[in-house]
Amino acid sequence: MRTTAIRIHRHGGPEAMRLDQVELPDPGPQEALVRNTAIGVNYADIYEREGDHGGPHTAKPLPLTLGHMAAGVVEAPGEGAGGPPVGTRVGYIGGGSYAGHTLVPASRLIPLPDAIPDEVVGGYLLRGLTAEYLLRRLFPVKAGTVALVHAAAGGMGLVLGQWGAALGARMIGTVGSPAKAEIARAHGYDAVVDYGTEDFAERVMELTDGRGADVIYDGIGKAAFLKSLDCIRPRGMVVSYGTASGNVGEFDLQRLHSKSIVVTRPTLRSWIADPQEAEAAARALFEALESGLIRTPIADRLPLARAAEAHRLLEGRALTAPVVLVP
Ligand SMILES: NC(=O)c1ccc[n+]([C@@H]2O[C@H](COP(=O)([O-])OP(=O)(O)OC[C@H]3O[C@@H](n4cnc5c(N)ncnc54)[C@H](OP(=O)(O)O)[C@@H]3O)[C@@H](O)[C@H]2O)c1
């Protein structure tokens, strides 16, 4: 069948994105054809568009249909694929989602509860599953934990703030403007530091009476990582989970020595690779969404053809909630 897709034929800025007609083969034995209804725009899509960021974001062969996740409806399961039947509403984490239709491994399809709208899945499935492993499994936060989150008013920041606070942690956020500070405060953060005007490490040390945060969730990378080492407590964990400002690059391991700091650079893929773990993570996220524990604002719904605009908004630090693309 033919479908519309946002593809790149070379790596580069948003101008490299093109609306193409592409031919999809019939689903293979382990696949299903999904009609996408709400497509997520995540930082991973920007890394994919730009080229080689290393690790799970190593450049893929071109031309390439962009995207890492969507909500949709199963239109055709592959022969013997198992998985949910035709007509099931599903979400998935998987490549090539910037399209009208996508072939998805049947094992990766996540049936959706009726109560969770497609656009919430588009905006929050990838971010919510990430917050699930960051807060509940990688560094389980609990009552009394002090957690620092960079870019607290961004898509990931909104989920981490609310979920972390619900787990009992004291959430401290950093943001790039006073308007974003207000948004962070309304989404779980007890204290917010504007790193445009304040030294965030000094401020976090003040806020924690000189102790430092127990855990730091850093999705910014280059601009925030080294300074984060100055406000983590002894034996605390700095989780470098994203690189919105650029890769951290090489650094002196001795920087960790005097406080026995633990540093990790995780990817969602490792934390949902096991289907049972993925199912449990999705269940926890859906419960948090259905119970209203996490509110899920959506900044905008844009037609798929305007995907480049969505990228400009995200990388231009203009968003304080996710944007979704509608084919
Ligand atoms: N490892 C994983 O498993 C995983 C999974 C999902 C997402 N992530 C990571 O999570 C991070 C957040 O993703 P998101 O899609 O929700 O984005 P987002 O947080 O909505 O947007 C990124 C934010 O980073 C801040 N920022 C600081 N310096 C920046 C710069 N030089 N350029 C752009 N932004 C800058 C901006 O907030 P301020 O203006 O407030 O500074 C911006 O709004 C990304 O790094 C992504 O790679 C990782």
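Biologist: How much area do domain 1 and domain 2 bury between them, and how much of it is on carbon and sulfur atoms?

Modeller: The size of an interface is often given as the accessible area lost when the parts come together. Here domain 1 and domain 2 bury about 1300 Å² between them, 56% of it on carbon and sulfur atoms; buried area is the accessible area (1.4 Å probe) lost on putting two parts together, summed over both. On the domain 1 side, L293, R295 and T320 lose the most area to domain 2, together 36% of what that side buries.

Biologist: And what should I keep in mind about the model?

Modeller: It's a predicted model, where local features need pLDDT of at least 70 and side-chain atom pairs count only at pLDDT 80 or more, while totals for chains, interfaces and linings use all residues. Residues are numbered from 1 along each chain as its sequence is written, and side-chain values use heavy atoms, with hydrogens and water left out.

Biologist: Where are the bounds of the domains?

Modeller: Domain 1 covers 2-124 + 269-326 and domain 2 covers 143-265, bounds that come from an automatic or database domain assignment. The contact (heavy atoms within 4.5 Å) takes 16 residues from domain 1 and 17 residues from domain 2.

Biologist: How many salt bridges are there between domain 1 and domain 2?

Modeller: Zero between domain 1 and domain 2, counting a side-chain nitrogen of Lys or Arg within 4 Å of a carboxyl oxygen of Asp or Glu.

Biologist: Which elements give two or more residues to the side of domain 1 that touches domain 2?

Modeller: Helix 1 (43-50) and helix 8 (275-290), with helices being DSSP runs of H or I, at least four residues, numbered from the N terminus. Helix 8 gives the largest share, three residues.
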